[in-house]
Amino acid sequence: MVLHTYIARASDGNPLSASVDEDTSLSEQKQQLKVIVRKVTSNSEPRASIESGAYTIHYLLDHEANIIYLTICDHSYPAKLAFSYLDEISKEFSKSYGSEINKPNLRPFSFVKFDNFMQQTKKLYQDTRATQNLDKLNAELQDVTRVMTKNIEDLLYRGDSLDRMSDLSSSLRSESKKYKRHAKKINLEALIRQYIPVIGVSVILLFLFWWVFLR
């Protein structure tokens with residue numbers, strides 16, 4: 001389930017809003033959210049999932065609006081639902097406060113009242129069995145096959161960056177395109193090998209028909 005949500009300005013990490021909860025078991029993951037925000041750059045992958053023990057941190061980076069949306073979920077919670085949740089949060093937040101985000105003297109958690117909307121939306125996503133019955137939600141589920149997954153230890157202790165994730169993702173997409181082209185070539189060659197005998201026999205029969213009846 002969705003456990004905690006955090007919204008920050010991507011350029012300087014200024015926290016804009018967060019869900020209000022008293023779950024002390026997430027204190028470590030909440031600190032990790034701030035680390036992730038600091039590591040985000042203009043080259044970072046717009047969507048990523050970062051594993052952290054029994055939890056997974058999903059983030060959605062809106063480069064244009066200069067905002068990053070993060071949520072902590074149970075490790076077993078479907079990534080598609082997590083990103084659909086973040087999409088819904090991002091649309092409403094931009095609609096409500098988009099013109100105020102980049103004010104230079106904006107105080108931390110200036111939009112804490114947005115928690116009301118986050119709590120209402122969170123309830124819709126709490127039970128995956130319930131969300132399966134929401135036609136609107138199912139219609140808007142995001143394709144996250146290209147979302148990179150990273151381990152928090154790599155990010156915190158090995159000095160790896162989110163830009164590196166972007167490089168890996170680009171590499172995977174490039175390799176995927178090469179594989180698809182190669183697969184198409186193999187399929188074409190297989191079709192040619194399959195139908196050449198049929199075409200050859202047909203040509204011979206047509207030639208014999210012409211020779212016997214039409215010549």
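**Salt bridges, strands and surface**

Trainee: Which residue forms a salt bridge with R47?
Mentor: A salt bridge puts a side-chain nitrogen of Lys or Arg within 4 Å of a carboxyl oxygen of Asp or Glu. Here the closest N and O atoms are 3.1 Å apart. The partner of R47 is D87.

Trainee: How many residues apart in sequence are the parts that this pair ties together?
Mentor: R47 lies in strand β3 and D87 in helix α2. Helices (H or I, at least four residues) and strands (E, at least two) are DSSP runs, numbered from the N terminus. The pair therefore ties together parts whose separation in sequence is 40 residues.

Trainee: What kind of model is this, and which atoms do side-chain values use?
Mentor: This is a predicted model: local features need pLDDT of at least 70, side-chain atom pairs count only at pLDDT 80 or more, and totals for chains, interfaces and linings use all residues.

Trainee: Are R47 and D87 buried or exposed?
Mentor: Buried means under 20% relative accessible area, exposed over 50%, and partly exposed in between (1.4 Å probe, protein chains only). D87 is listed among the buried residues of α2. R47 and D87 are both buried.

Trainee: How many salt bridges does a search of the whole structure find?
Mentor: Besides R47 with D87, R9 forms one with D12, at 2.8 Å between the closest N and O atoms. R9 is buried at 6% relative accessible area, whereas D12 is partly exposed at 47%. The search finds two.

Trainee: Is strand β3 enclosed or open, and why?
Mentor: Strand β3 covers residues 47–52. Five of its six residues are buried, so β3 is largely enclosed.

Trainee: In which sense do β3 and β4 pair, and over how many bridges?
Mentor: Two strands pair if DSSP finds at least two bridges between them. β3 and β4 form a hairpin with two residues between them, and G53 in the turn has a positive phi of about 65°. E51 stands opposite T56 in β4. The pairing is antiparallel, over six bridges.

Trainee: Which side chain does T56 contact?
Mentor: T56 counts as buried, at 6% relative accessibility. A polar contact is a pair of N or O atoms within 3.5 Å; within protein, one must be able to donate a hydrogen and the other to accept it, and residues adjacent in sequence count only if both atoms are side-chain atoms. At 3.0 Å, the partner of T56 is H75.

Trainee: Which residue in β2 is the bridge partner of Y6?
Mentor: β1 and β2 run antiparallel and are joined by three bridges. Their hairpin has five residues between the strands, where G13 takes a positive phi near 75°. The partner of Y6 is A18.

Trainee: How far does helix α2 reach from its first C-alpha to its last?
Mentor: Helix α2 has 19 residues. The expected span is 1.5 Å times one less than the number of residues. That expectation is 27 Å, and α2 comes close to it with 26 Å.

Trainee: How many helices and strands does the protein chain have?
Mentor: The chain has 215 residues, 38% of them buried. Along the sequence the pattern is β-β-α-β-β-β-α-α-α-α-β-α-α. The count is seven helices and six strands.

Methods. Residues are numbered from 1 along each chain as its sequence is written. Side-chain values use heavy atoms; hydrogens and water are left out.
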